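I opened this entry to record what I looked up in the structure, one topic at a time.

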Amino acid sequence: MCGIVGIVGHSPVAPLILDALKRLEYRGYDSAGVATIEHGQLSRRRAEGKLVNLERRLKEEPLDGMIGIGHTRWATHGVPNETNAHPHFSDGVAIVHNGIIENFAELRDELTADGYVFTSQTDTEVVAHLVARELARGATPVEAAHNTLKRLEGAFALAIMFKGDEDMIVGARNGPPLAVGHGESEMFLGSDAIALAPFTNSITYLEDGDWAVVRRNSIAIYDMDGNKVHRKRQQSVGTSFLVDKGNHRHFMEKEIHEQPEVISHTLAHYLDFAGGKAKAFEMPFDFASIDRLSIAACGTAYLAGLISKYWFERYARLPVDIDIASEFRYREMPLSKSSGAMFVSQSGETADTLASLRYCRSGGLKIGSIVNVRESTIARESDAIFPTLAGPEIGVASTKAFTCQLSVLASLAVRAARERGAISADDERTLVRQLSEAPRYASQVLKLDQQIEKVARELAQVRHVLYLGRDTSYPLAMEGALKLKEISYIHAEGYAAGELKHGPIALIDESMPVIVIAPHDRVFEKTVSNMQEVAARGGRIILVTDQKGAKHATVKTMETIVLPDVPELIAPIVYALPIQMLAYFTAVFMGTDVDQPRNLAKSVTVE
Ligand code: G6P
């Protein structure tokens, strides 16, 4: 969602804030703004659209000042324009905000009745006015912030600056993350450690309900009752990553190409290749004694979880309930202590996934989570974490995080299978060997780029695409459709091939490409029958299969993308790549903003 930065520094802070915002732009890019205290006065520059517009504004009219706050926005309340861009001001108070103030309408009515005039359509502006009203009533800035926080409902992170105090920013967290960075006679606030990486890697993460008074030489953290609390200071890992595109046109392209390497790192973390075993490391629950595994996640992470259901059930004979987290959190599923709970999240901050985790925790379940950001809230609230070693993922559409999630889940499924006595030592050795081959096959698939680009040129001409698959290729069909619509804005749907005749077959005509994901696996023949049904109705088929599949598919296709023959277990990992590449090249042909597609954000910390 939105990104927040604050600096109490000892040199002009606006350029530094802009630098940090660039690292946070993946969180939102509808509009952006910076405010500083310049010659004793609050000043701000705001701009609609991408950060380059704000950068231009700051070049035209630079901001001075050694203290400041900045924001990159993903709109929730109010259209993305300059008036709604943060920071918001009210009588000497400046505020940036991430999240949603749920009781904002009630607060706005109350403040309007008190004579406060709203200049934006945002929920944030109520916070600025509330703080200003507290000051007008005689509160000190710190009291004003604290009293205001007590009135707010919802999930939010805030940074507040006061005209009369050039040595203080108040930060607060209730839901979305906020970190304090410690410098030499300077302090920082940021939505994540990556934003603060150029300044410091000494970080204190605020907990939910914390608020902090951040000054150049001190930081004090309080709970909502105003009691001082201690939060440990830690060295942030991963902040030294250089976040750039290298020789690639887009982060997404770079991240697709990094997959052989990061899948390999991730698998090596969980598997003992030489010994042919899944490694034993700390587990939140015992695979041998649980009778179900509950998995919840959002977006692409949910689809990784859905693929793993096939693996856990097939290899480990462990039943899996898999849910979209935004549904799971409210559907009042009865929890049994004999279940394990697992959450999958690249960012580790997705609000719905976090709420689902807390629901399971309140039911006494032990929690494991698969996260890419090890210092994230989901990681910190889990009994054990299973990191994906994908490195920072910047492209909004998830690629390498997905295949790393699959790598972790497959490794855990093998371990569960062993511990539940569902496979022999020989079986385990075979499965581990098969997984070890995934990076090599992934590299081979990257070489199909020219053919995939040719298919993408065709896809860029159409408005609707259907993806079909069975077994683990069914979630992959959904992932293919998700990727395509996210970045190319072409409408796409992923369906279980067997469901075709129950509805989507009505859509089939010569203008509708149907992408069929069908490795030559246990259900291949069934999928071929479904392809026949498409072909009989004039549908244009793009088949993604392997050498055996290409030989045995008896259907005329518009194009067949032939992958190497790979073991069934690793097919979803390997087949993810052509699916991603197809979406990527199509988006490039469509001329969309691949890394920052419209309306989307990388880390979704609101409901
Ligand atoms: C957003 C991103 C997706 C991601 C989903 C879940 O929608 O654009 O790429 O899959 O959130 O995010 P998480 O960080 O929990 O994996």
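How do the residues of the lining of the second largest pocket divide into nonpolar, polar and charged? I found ten nonpolar, eleven polar and four charged residues there. I note that the model is a predicted one.

**Pocket**

I looked up the volume of the second largest pocket next, and it is about 460 Å³. The lining has 25 residues, and Gly 299, Thr 300, Ala 601, Lys 602 and Val 604 are the closest to the pocket centre. I then checked which elements give two or more residues to this lining: they are helix H9 (299-316), strand S19 (339-345) and helix H17 (473-488).

**Domains**

I listed the domains of the protein chain as domain 1 (3-246), domain 2 (254-436) and domain 3 (443-590). The second largest pocket lies between domain 2 and domain 3, because both give residues to its lining. For domain 1 and domain 3, I noted 45 Å between the C-alpha centres.

**Sheet**

I followed an open sheet of five strands, ordered S18-S17-S19-S20-S21, with parallel pairing. Strand S18 (320-324) and strand S21 (384-387) are at the edges; each has a single partner strand, so one side of each has no neighbour in the sheet. On average, neighbouring strands here are turned by 20° against each other, direction ignored.

I also looked at the pairing of S17 (residues 292-297) with S18: the two run parallel and are joined by five bridges. Opposite Ala 296 I found Asp 323 in S18.

Last, I checked helix H11 (residues 351-362), which packs on the sheet and touches S17, S19 and strand S20 (367-371). The direction of H11 makes about 165° with that of S19.

Technical notes:
Residues numbered from 1 in each chain as written. Predicted model: local features only at pLDDT ≥ 70, side-chain atom pairs only at ≥ 80, totals over all residues. Heavy atoms only, no water. Domains from an automatic or database assignment. 1 Å grid on protein atoms, 1.4 Å probe; cavity = no way out; pocket = protein on both sides within 12 Å on 5 of 7 lines; lining within 4 Å. Points joined across faces, edges and corners; volume = space filled by probe spheres on them. Helix = DSSP H or I, 4+ residues; strand = E, 2+ residues; numbered from the N terminus. Nonpolar A, V, L, I, M, F, W, Y, C, P; charged D, E, K, R; others polar. Pairing = 2+ DSSP bridges. Axes fitted to C-alpha atoms, helices over the stretch in contact; angles between N-to-C directions. Contact = heavy atoms within 4.5 Å.
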